[in-house]
Amino acid sequence: MKKEIIIVWFRQDLRIIDNPALFEASKIAQILPIYILDDINPGEWQMGEASRWWLYHALKSLKSDLKGNLQFFKGDPLAILEKLIQAYRIRGVYWNRCYEPWRIHRDKKIKDFLKREHIENRSFNASLIREPWEVLKQDDSPYKVYTPFLKQGYSRLMGEPVTTLPEPSQYLFFPDKVQGATELEKLKLIPAIPWYTSLNAFWEPQKISGLQKLNDFLENGLQDYDPGRDYPSRTKTSRLSPYLKFGQISPGQIWNALFGRKESSSLFTFRKELVWREFSYYLLYHFPHMPIQNLKKKFDHFPWSSKTDTLISWKKGQTGIPLIDAGMRELWQTGQMHNRIRMITASFLVKNLQIHWLEGAKWFWDCLVDADLASNSASWQWVAGSGTDASPFFRIFNPVTQGEKYDEMGAYTRKYVPELADLPDKYLFKPWTASESILSQAGITLGLHYPAPMTDLANSRKEALEAYQSLKLFPH
Ligand code: FAD
């Protein structure tokens, strides 16, 4: 009689350390580790191209960590699992939980099916320090504001280690290639047009693991994280977000690596950022309409602009506002954007251009290697002012003063907007204020080598505030 198999379904947990589904299954039976590329259930939230590029490398590393024993599928997971269960002696299906509304909906259907078939199904927490239902107000309703959420849910854990698991001590893999499985290459995650070469130059997911990235940050970034994290050219942030997004490192591993270090404002701020990630997942779980609907209903009445040409200029980094263009080009070239610049470019789109935050969120979704439904939607709603705990609408970032303050020597802006490299610092963030002769000495004609500003910052700020005033008629 054939031995029983437990399917370990990898999803957003592409690692072998601190992976409870893998750990528990490995103790019980021979395991069949699988990954399913599901482009059917996510609807409009199908993974973007930059994320697919990252996923390819993450899966390649995971396959190698599992000694070649990861099998790949493409399609609807329910149909794929049904076929596997018909064809093999499957005792159980184990996975780690995900919190995107479409995944919860899909997983519920799969659970029901497994129950009907009397197949053991176990799911675990591998993506969050605390799951969304563990932190509630006294009346059992969810928190809407970050600070009380942090205090109630995480203060006790500050400086404390959390439970993590080692790599399973032994594996017994199901040895054969199973029916319907395909090769990683056949998932076609790497785009046919090689636009991603600049991503290769910036990231090395094929060489650098999540743990190496963490150690590099602990040695070279953490000490100056606060205030270094605010300056885009100082590279003091961890750049762990794509690793966290695909689960190549767990938040618990990061949390515990901070344990025992000298307490400092940098350490405290870094922990708080990890909790912002938790809060984003929390909001997504409790308010599943967050990716597409304003959390503050009155924003449904905001008079958004539908000018597609301004949206295109923003996407292309051709707005004529240097710091905005630097950020948008960084995004395109590297698949990431520094957090402060994400806030400034988002504020510019939503407020100065009055374009709906969802347009920006969708563009980020396509371009970011760390595109994450929870953090992306929560952050866009935060910037727009439509979120539960949002930056007030009247806080409109000025990309000129932000550049002067946080890109002190202009290194970041000059890197991504090389047309302006020779412009003196004084004019770098506002070339439209330079005289013809200064511009010509720097080799620039506005409108020819670099666009004239697409909007007057002061006027568009005023117009945005007026539009916001119109919402005052609506109570919520
Ligand atoms: P670090 O500063 O080193 O922080 C460590 C980790 O904490 C990050 O890797 C991330 O997981 C978490 N974190 C930090 N800041 C935030 C935050 N504000 N919200 C939630 N988690 C945070 N982050 C994503 O992971 N995916 C997204 O799709 C995403 N979209 C965003 C869109 C906008 C408009 C804005 C303003 C922010 C967005 N963020 C997103 C949050 C933040 O910008 C990134 O997490 C951060 O820049 C990643 O860089 P890092 O790993 O070096 O961060």
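Threonine 269 belongs to helix α11, which spans residues 265-286; helices (H or I, at least four residues) and strands (E, at least two) are DSSP runs, numbered from the N terminus. The model is a predicted one, in which local features need pLDDT of at least 70 and side-chain atom pairs count only at pLDDT 80 or more, whereas totals for chains, interfaces and linings use all residues. Residues are numbered from 1 along each chain as its sequence is written, and side-chain values use heavy atoms, with hydrogens and water left out.

With a relative accessible area of 12%, threonine 269 is buried (buried means under 20% relative accessible area, exposed over 50%, and partly exposed in between, for a 1.4 Å probe and protein chains only). When neighbours within four places in sequence are set aside, threonine 269 is in contact with Tyr225, Asp226 and Arg229, contact being defined as heavy atoms within 4.5 Å. Arginine 229 is 40 residues from threonine 269 in sequence, and their C-alpha atoms are 9.8 Å apart in space. A polar atom of the threonine 269 side chain also lies 2.7 Å from the backbone oxygen of serine 265.

The ligand is surrounded by 26 residues, of which the closest are Tyr225, Thr237, Ser238, Arg239 and Asn339; a residue is counted as near if one of its heavy atoms lies within 4 Å of the molecule. Residues of this shell divide into twelve nonpolar, eight polar and six charged. In this grouping, Ala, Val, Leu, Ile, Met, Phe, Trp, Tyr, Cys and Pro count as nonpolar, Asp, Glu, Lys and Arg as charged, and the others, Gly among them, as polar. At least two residues of the shell come from each of α9 (241-245), α11, α14 (339-352) and α16 (373-384), and α11 gives the most, with six.

Oxygen atoms of the ligand are placed 2.6 Å from an N or O atom in the side chain of serine 238, 2.7 Å from one in the side chain of asparagine 339 and 3.3 Å from one in the side chain of arginine 342. Of the 820 Å² of accessible area that the ligand has on its own, the protein covers 95%, as computed by the Shrake-Rupley method with a 1.4 Å probe.

Serine 127 is located in the loop between β5 (120-124) and α5 (146-154). Serine 127 is buried, its relative accessible area being 10%. Apart from neighbours within four places in sequence, serine 127 is in contact with Gln12, Arg97, Tyr99, Pro251 and Arg277.

Terms used. Polar contact = N/O pair within 3.5 Å; in protein donor to acceptor, adjacent residues only side chain to side chain.
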